[in-house]
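Welcome! Have the structure open as you read.

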Amino acid sequence: MFAIAGKLLHRIFLPEGEGECLTEEILNKPAYAPLQIASDIPSGEGVCMHFMTERFFWSGYAIFRNNNSSRMQNRDLRKWSKEVSLRIALTFRVKVDVDVLYPAQFPKEHMAFVLSRAVDRRDDADAVDLYIPLDLFSHLTGISLEADADAVEQRLAVFLRDGLALFPKISLLLDLLSEVQLQRLISQLRMKKMLTVYQLSLLCLAFPENAIKIKHALSKNTITEVSDMMRRIRSDLTFSKRDLAVGVYSVEDAMYRLISAGAEVKYSTYMRELQNFISEIQMREIFLAKSFTEWVEAIERDGLLYQVLIQIQDKTIACAFHNESDLFERACGRIFTIRKLEDIRSFRNDDIALNDVVQARSKIVSAYRTMCLKRRNWGAESFEYIIRGMNDAASFRRLLLETGWFTLSTALKNMRREIVMPVLVALPKAARYLIEDVLRGVLNPNILHDELQIREARARCVQIALDLYEKGLIRLVV
């Protein structure tokens with residue numbers, strides 16, 4: 001996986017800017033090694049992290065090589081602990097309480113740790129090592145993991161690839177966000193008209209243990225309206241658990257839309273980092289389907305090499321053809337001028353990390369796939385073709401994530417059952433309930449019968465699906 005897992009773990013457990021844990025200051029130019037399994041923790045300056053759930057307790061460690069230990073003295077460890085707890089919950093949708101302690105008290109017994117190492121390419125003597133218990137990963141991923149580093153990397157990739165980490169779980173956020181942070185989130189949703197009194201009332205009913213915390217984030221007038229609405233809901237004999245689940249999902253969907261639109265809330269920066277990791281994983285899986293030479297040859301056969309590379313910066317092209325001088329001279333020598341070739345050669349650099357080379361090559365492959373798609377005129381009429389071409393549940397869930405349940409349900413209106421059912425089966429239960437209600441005419445029947453709106457929704461779904469395909473975020477047979 002080219003150390004994507006290592007990058008992820010360092011983002012989770014060494015959050016930049018939190019608790020004075022500024023990893024960019026520790027490592028000016030980090031390079032991440034593939035995960036390893038270790039049983040012994042060498043001595044060194046570091047911190048201990050206690051991970052606690054209702055049933056389990058683990059200890060992990062961060063070891064800092066050749067760094068000034070005095071910098072650790074004034075760290076806000078409580079803030080660091082809360083941020084790690086939040087990032088674990090956002091990534092794995094599991095609540096784990098974290099307590100960061102300094103200096104570290106190292107364990108005497110031997111146990112299996114997942115070792116994630118980052119080194120500074122400017123000075124190999126500097127490194128930051130993370131030792132996270134293997135049993136903790138088993139708990140977070142929901143399956144028993146053997147002492148196999150490759151298996152851990154693959155499991156982490158599966159978690160991210162599914163896209164669930166990008167969709168907020170409101171029960172965890174209510175527990176982990178402070179009252180001030182929750183107030184800012186609710187305020188932004190209310191200002192954007194993305195959160196109603198009815199939805200707030202459902203949150204209070206669904207999570208009574210956090211009802212007071214929710215109300216503290218509201219104005220006095222809104223609190224009164226919420227209390228009145230809660231009484232009406234409780235007295236409605238037709239109101240069901242299904243209605244409650246649908247309401248909670250609609251709030252989570254609104255939060256996702258808010259973050260996607262660029263809003264800045266407590267966890268938005270980390271969510272964008274997760275998005276980048278997922279894109280990187282998907283694009284690399286596509287890129288690794290062939291060797292770089294095979295990709296270049298495929299682009300040449302389609303007569304698109306010049307059109308593709310002219311979109312790519314010279315520095316990126318030089319990086320992509322790192323250690324492939326013969327391929328560069330043969331392929332690029334046919335399409336570029338002598339001056340252009342010299343400009344690209346000027347960016348050659350032996351000090352290039354494998355990660356940078358893969359990213360550069362992925363950009364070329366992505367540009368090629370985009371050009372292939374543009375050869376066909378895709379519109380609303382292609383919606384059924386797109387749905388039939390999506391061959392796994394994760395792709396349907398990712399399409400839902402990007403389109404939203406309202407747009408997707410509108411697009412599915414009047415489609416044949418054999419087209420609709422594979423989509424519904426793949427979706428989370430609450431989202432499926434919402435879409436089923438739309439298709440049965442229970443929810444907004446008058447609006448959604450408009451054929452123009454259906455066509456617009458299908459065209460939007462097609463365009464979003466193609467964008468996701470270009471980025472490698474869904475699997476699609478086209």
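Start with the side chains and residues at one meeting place. Trp405, Leu408, Ser409 and Leu412 belong to α21, and they meet Leu434, Ile435, Val438 and Leu439 of α23. Sorted by class, the residues of this contact are seven nonpolar, one polar and no charged. Keep in mind as you look that this is a predicted model.

Now step back to the helices themselves. Two packed helices are described by the angle between their axes and the distance between the axes. Helix α21 covers residues 405-412 and helix α23 covers residues 429-439; they pack at an angle of about 40°, and their axes are 9 Å apart. The crossing of α21 past α23 is right-handed.

## A second crossing

Next, find α3, which spans residues 77-92. Its partner here is helix α12, residues 268-287, and the two pack at an angle of about 45° with their axes 11 Å apart. That angle makes α3 oblique to α12. The crossing of these two helices, α3 and α12, is right-handed.

Which residues of α3 meet α12? They are Arg87, Leu90 and Thr91, and on the α12 side the residues are Tyr270, Met271, Glu273 and Leu274. The contact of α3 with α12 has four nonpolar residues, one polar residue and two charged residues.

How many cavities of 30 Å³ or more does a search of the whole structure find? The search finds four. The largest cavity has a volume of about 50 Å³.

Let's look at what surrounds that largest cavity. Its lining is made of Leu86, Ala89, Leu90, Arg93, Ala165, Phe167, Pro168, Lys169, Leu172 and Leu173. By class, the lining has eight nonpolar, no polar and two charged residues.

## Where the lining comes from

Two helices each give at least two residues to the lining of the largest cavity: α3 and α6, the latter being residues 170-176. The largest share, three residues, comes from α3.

Methods:
Residues are numbered from 1 along each chain as its sequence is written. This is a predicted model: local features need pLDDT of at least 70, side-chain atom pairs count only at pLDDT 80 or more; totals for chains, interfaces and linings use all residues. Side-chain values use heavy atoms; hydrogens and water are left out. Axes are lines fitted to C-alpha atoms, for helices over the stretch in contact, and angles run from 0 to 180 degrees between N-to-C directions. Helices (H or I, at least four residues) and strands (E, at least two) are DSSP runs, numbered from the N terminus. A crossing is left-handed if the near helix is turned anticlockwise from the far one by less than a right angle, and right-handed if clockwise. Contact means heavy atoms within 4.5 Å. Ala, Val, Leu, Ile, Met, Phe, Trp, Tyr, Cys and Pro count as nonpolar, Asp, Glu, Lys and Arg as charged, and the others, Gly among them, as polar. On a 1 Å grid over the protein atoms alone, a cavity is a set of points where a 1.4 Å probe fits but cannot get out, and a pocket is an open set with protein on both sides within 12 Å along at least five of seven lines; lining residues have an atom within 4 Å of a point. Grid points are joined across faces, edges and corners, and a volume is the space filled by probe spheres set on the points. Angles under 35 degrees count as roughly parallel, over 145 as roughly antiparallel, 65 to 115 as roughly perpendicular and the rest as oblique.
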